[in-house]
Amino acid sequence: ARELFPGRDLVIGQAIGYGFYHRFEEGTVSADDMAALDAKMRELVARDIPIRMEWQSYEDAITYFRDHGQEDTRLLLELTNEPRIALNECAGFRDLHVTPLVPSTGVLKTFELMAYDEGFLLRHPQKEKPDQIPPFEDDPLLYEITDEARRRSAVLGVSSVGSLNRINAPKKIKDYITVAESLMNKNVAELADQIAARPEARVVLIAGPSSSGKTTTSKKLSIQLRVLGFEPMVIGLDDYFVDRTRTPRDEHGEYDFECLEALDVEYLNEQLVEFFDGKDVELPAFDFKSGERRPSGRHIRLGERTILIMEGIHGLNDRLTPRIPREHKFKIYVSALTQINLDEHNRISTTDNRLIRRMVRDNQFRGRTALETIKMWPSVQRGERLHIFPFQNTADAALNSALDYELGVLKIYAEPILRSVKPMDPEYAEAKRLLNFLAFFAPIPAQYVPQDSIVREFIGESSFKY
């Protein structure tokens, strides 16, 4: 893009259907633009140009990024005083070394450019099938909320980690957090308005991948529904886990907590039917330490303005609630769709954001080490691909739970536990990669995080009870 369109800034955006959205800051992408990009990329692949990691002095790296208009990348280096900076180099083009890359352009034969909105998707293979481009599956609902978040970030003046670090002074960052949290609350209030506009909806089902902030979202939504005169009752689907002795195991013999069969669906639906028949229902509580379900002592009964709010990873799957008619359900998909980039060319992975959230929460509240969380993460992702992502487009609404400032806060909690993973551990490479990633963020004190923030679900001291 630099060679073909000098003076036009190409910016990477969110992941959509095994591809990444790209756009030019100046104007839309034409069919001729895409044809030229495709031809140039295939020429580079045919030349099989080496991709090298090189070291430059701090001064030379700063000069290079300034002279080549990579201002976001230059800002990232303001946080470091290392004398040497690791860069990736290919045919004279340089970028920060964020993660290991393939050895040469010749490896990258399988890709596709596809027009999308005002830009295009650079589509790539699944890692299980590296020589095939999978069929395209659009996520228009998610694109809409992430594009809105991108525009919001631009208005607030924070579109990259470097620009976030620049406002990380006590008054500026506190004001920024206040605005970010107010926008989050506004989005939740708009969800409540949508539910109120559907008088037949009696069950709100909130689903999303691990550590997307479903629990806090359900509690925030409950408050907004009360403002509208409803009587919301929040039920956590995790309390309907079968006892540990009945939990299914995966192909590796490990407990599979992500599958639908790990929940007592029959018992859940029996209680829902009794509830809608007007009977008094005592909810269960699951003890994660003992692995057993027990009575909670909490009783609920249907009222004229009662709305049930149920959150869990299977909320969008109608097999979870087969005895509840579809018109009585309002489905919400929640995901932490990070919108700030490291710089114009390097995305912050939504998966990394959620992994760091979960790592901190597991350590704070479940006594798990970073090593244990990293070890189980592939199984969690497998469960998401099987049980969550196929249903996300059935949602009536979606909420982006990411807060652009949160990784600066999570960094303070995550770095010490990541350093506990040692070089002889198989998980060391992943821990080291995450440490290198977090090094780009200036730390943000947790004292600035409001007590009702989604971030509190992971670091503690929330005004909500979990």
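Modeller: Let's take helix α7, which covers residues 214–227; keep in mind that this is a predicted model. The helix has 14 residues and reaches 20 Å from its first C-alpha to its last, close to the 20 Å expected at 1.5 Å a residue. Now, is α7 mostly covered or mostly open? Mostly covered: 10 of its 14 residues are buried. Buried here means under 20% relative accessible area. The buried ones are K214, T215, T216, T217, S218, K219, K220, L221, S222 and L225. Here's a handy bit of background: an α-helix has 3.6 residues a turn, so residues three or four places apart point the same way. After α7 comes G229, and its phi is positive, near 95°.

The whole structure holds 14 aromatic pairs. Y21 counts as buried because its relative accessibility is 3%, and Y116 counts as buried at 9%. Another pair, Y240 and Y267, has ring centres 5.9 Å apart and planes at 50°, so that pair is tilted. Y240 counts as buried at 2% relative accessibility, while Y267, at 25%, counts as partly exposed. Finally, ring pairs link F241, Y255, F257, F286 and F288 into a cluster, and the charged end of R366 sits over the ring of F288, 5.4 Å from its centre.

Technical notes
Residues are numbered from 1 along each chain as its sequence is written. This is a predicted model: local features need pLDDT of at least 70, side-chain atom pairs count only at pLDDT 80 or more; totals for chains, interfaces and linings use all residues. Side-chain values use heavy atoms; hydrogens and water are left out. Helices (H or I, at least four residues) and strands (E, at least two) are DSSP runs, numbered from the N terminus. The expected span of a helix is 1.5 Å times one less than its number of residues. Buried means under 20% relative accessible area, exposed over 50%, partly exposed in between (1.4 Å probe, protein chains only). Rings of Phe, Tyr and Trp (its six-membered ring) pair if their centres lie within 6.5 Å; planes under 30 degrees apart count as stacked, over 60 as edge-to-face and the rest as tilted. A charge sits over a ring if NZ of Lys or CZ of Arg is within 6 Å of the ring centre and within 35 degrees of the ring normal.
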